[in-house]
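Visitor: I would like to go through this model and ask what stands behind each label. Please set the values against the cut-offs.

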Amino acid sequence: MHPDTIVLGDVEITRVVEWAGPVRTARRVVPDSDEETWRRNEWWLAPDFWTPDDDACRCRVQTWVLRSEGQTVLVDTGIGNGRDRPRLPGFAGLDTLFLDRLRAAGVAPEDVDIVVNTHLHHDHVGWNTRWRDGRWVPTFPQATYLLPRLDDVYFDPAKGGLRRPPRDTSERLRREDAELAFRESVEPVHRSGQAVVWEGSHRIDRNLTLEAAPGHTPGSCVLTLRSGTDRAVFVGDMLHSPVQVLHPEWSSRFCEDPALAARTRRAYLSRAAEQRELVIPAHWPGHAGAEVRRQGDGFAIATWAGFSRSTAG
């Protein structure tokens, strides 16, 4: 079995890492957080999630491979190789071994049945497509791509929220990157006829269901796993750092609607604590997921998931 694999009920889950490294300072990623909280929790946040010397959040861009009822499901597809990202130089022109790592996990592009994008930010849709014969084409030729409708409208530059006047320069630059990602990584799967746009909830099989979880983006969703007595929820960018478990009211700077994101975060953490769901965010390094429990006005880590803490990236 691949070293980054766990089994929950009848579902096998494997983590495939595209990129790993530091991103910004802690309070730039989670603007409402305070230094005291980071320092007080240094004993378990460092070094997997935070490095105090440079005050950097540690991040992974990774894909979750789920094998359920004979199907291979990918949850989020990372950044992708060879992308032009003028305002994100750290992610521009990547040349990673992601597809080789996917094959090492036993998955060739032709084997993928379903691709889930938890939302349509650039670092969740990149490997939806790859460059072939002078154009972007779907990386997974047999797959159905499940896209949340509200994001599909919002991030389409011809339709949705990207047409509103930006609030400031920072938002304008984010929108330019979002438009570029949509054209490269979402439009091609529409053109190929592989996109299925859903809203509200979407049942994949008896074990897996998509549910709306708005705030980070209008169409952000979670993938809920129910198999036997095991429970898990893949929460995308609902949690960029475990400090948000301690303080669910703290949203990341990347959230489109921080207040709504905070309400959604608290609701899903409450459910996870009550039902002993394993919470698996998109970008956590280390063990990559955890069970949570209630603690005061927030929550705490009860136990870490069984994924490897390897630093491949």
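Visitor: Why is glutamate 249 called partly exposed?

Guide: The model is predicted, and every value here is computed from it. Glutamate 249 has 41% relative accessibility. Buried requires under 20% and exposed requires over 50%, so glutamate 249 falls in between and counts as partly exposed.

Visitor: What makes the pair of arginine 266 and glutamate 249 a salt bridge?

Guide: The N to O distance between their side chains is 3.9 Å. The cut-off is 4 Å between a side-chain nitrogen of Lys or Arg and a carboxyl oxygen of Asp or Glu, so the pair qualifies. Arginine 266 sits in helix H10 and glutamate 249 in the loop between H9 and H10, so the bridge ties together parts that are 17 residues apart in sequence. Arginine 266 is partly exposed, at 32% relative accessible area.

Visitor: Which residues do salt bridges with shared partners join into one network?

Guide: The network consists of Glu179, Arg183, Glu187 and Arg191. Within it, arginine 183 bridges to glutamate 187, with the closest N and O atoms 3.3 Å apart. Arginine 183 has 39% relative accessibility and therefore counts as partly exposed.

Visitor: How many salt bridges does the structure hold?

Guide: There are 21. One of them pairs the side chains of arginine 149 and glutamate 199, at 3.6 Å from N to O. Arginine 149 belongs to helix H6 and glutamate 199 to the loop between strands E10 and E11, so this pair ties together parts that are 50 residues apart in sequence.

Visitor: What is the nearest side chain of opposite charge to aspartate 123, and how far away is it?

Guide: That side chain is arginine 85, at 8.6 Å. A salt bridge needs a distance within 4 Å, so aspartate 123 has none, although this residue is buried. Aspartate 123 lies in helix H5, residues 122–125.

Visitor: What makes aspartate 123 and histidine 283 a polar contact?

Guide: Their side chains are joined at 3.1 Å. The limit for such a pair of N or O atoms is 3.5 Å, so the label holds. Leaving out residues up to four places away in sequence, aspartate 123 also touches Val61, Gly78 and Ile79.

Visitor: Where is histidine 240, and why is this residue called buried?

Guide: Histidine 240 is in the loop between strand E14 and helix H9. Its relative accessible area is 14%, and the cut-off is under 20%, so histidine 240 is buried. Beyond four places in sequence, the contacts of histidine 240 include His216, His283 and Trp284.

Visitor: Why does serine 185 count as buried?

Guide: Serine 185, in helix H7, has 0% relative accessibility and so counts as buried. Its side chain makes a polar contact of 3.2 Å with the side chain of arginine 83, and reaches the backbone oxygen of valine 125 at 3.5 Å.

Visitor: How confident is the prediction in helix H7?

Guide: Helix H7 has the lowest confidence in the chain, with a mean of 78, and strand E6 has the highest, at 99. The mean pLDDT of the chain is 93.

Visitor: What sets arginine 276 and alanine 288 apart in their backbone angles?

Guide: Arginine 276 has a positive phi of about 55 degrees although it is not a glycine. Alanine 288 has a positive phi too, near 75 degrees. At 59% relative accessibility, arginine 276 counts as exposed; alanine 288, at 0%, counts as buried.

Visitor: What makes the peptide bond from alanine 46 to proline 47 cis?

Guide: Its omega is near 0 degrees. Proline 47 lies in the loop between helix H3 and strand E3.

Visitor: How do you know that the chain agrees with a compact globule?

Guide: For 313 residues, a compact globule would have a radius of gyration near 20 Å; the chain has 18 Å, so the two agree. Buried residues make up 58% of the chain. Of the contacts with a separation of 6 or more, 66% are between residues 24 or more positions apart.

Key: Residues are numbered from 1 along each chain as its sequence is written. This is a predicted model: local features need pLDDT of at least 70, side-chain atom pairs count only at pLDDT 80 or more; totals for chains, interfaces and linings use all residues. Side-chain values use heavy atoms; hydrogens and water are left out. Helices (H or I, at least four residues) and strands (E, at least two) are DSSP runs, numbered from the N terminus. Buried means under 20% relative accessible area, exposed over 50%, partly exposed in between (1.4 Å probe, protein chains only). Lys and Arg count as positive and Asp and Glu as negative; His and the chain ends are not counted. A polar contact is a pair of N or O atoms within 3.5 Å; within protein, one must be able to donate a hydrogen and the other to accept it, and residues adjacent in sequence count only if both atoms are side-chain atoms. Contact means heavy atoms within 4.5 Å. pLDDT is the predictor's confidence in each residue, from 0 to 100. The radius of gyration is taken over C-alpha atoms; the globule rule is 2.2 Å times the number of residues to the power 0.38.
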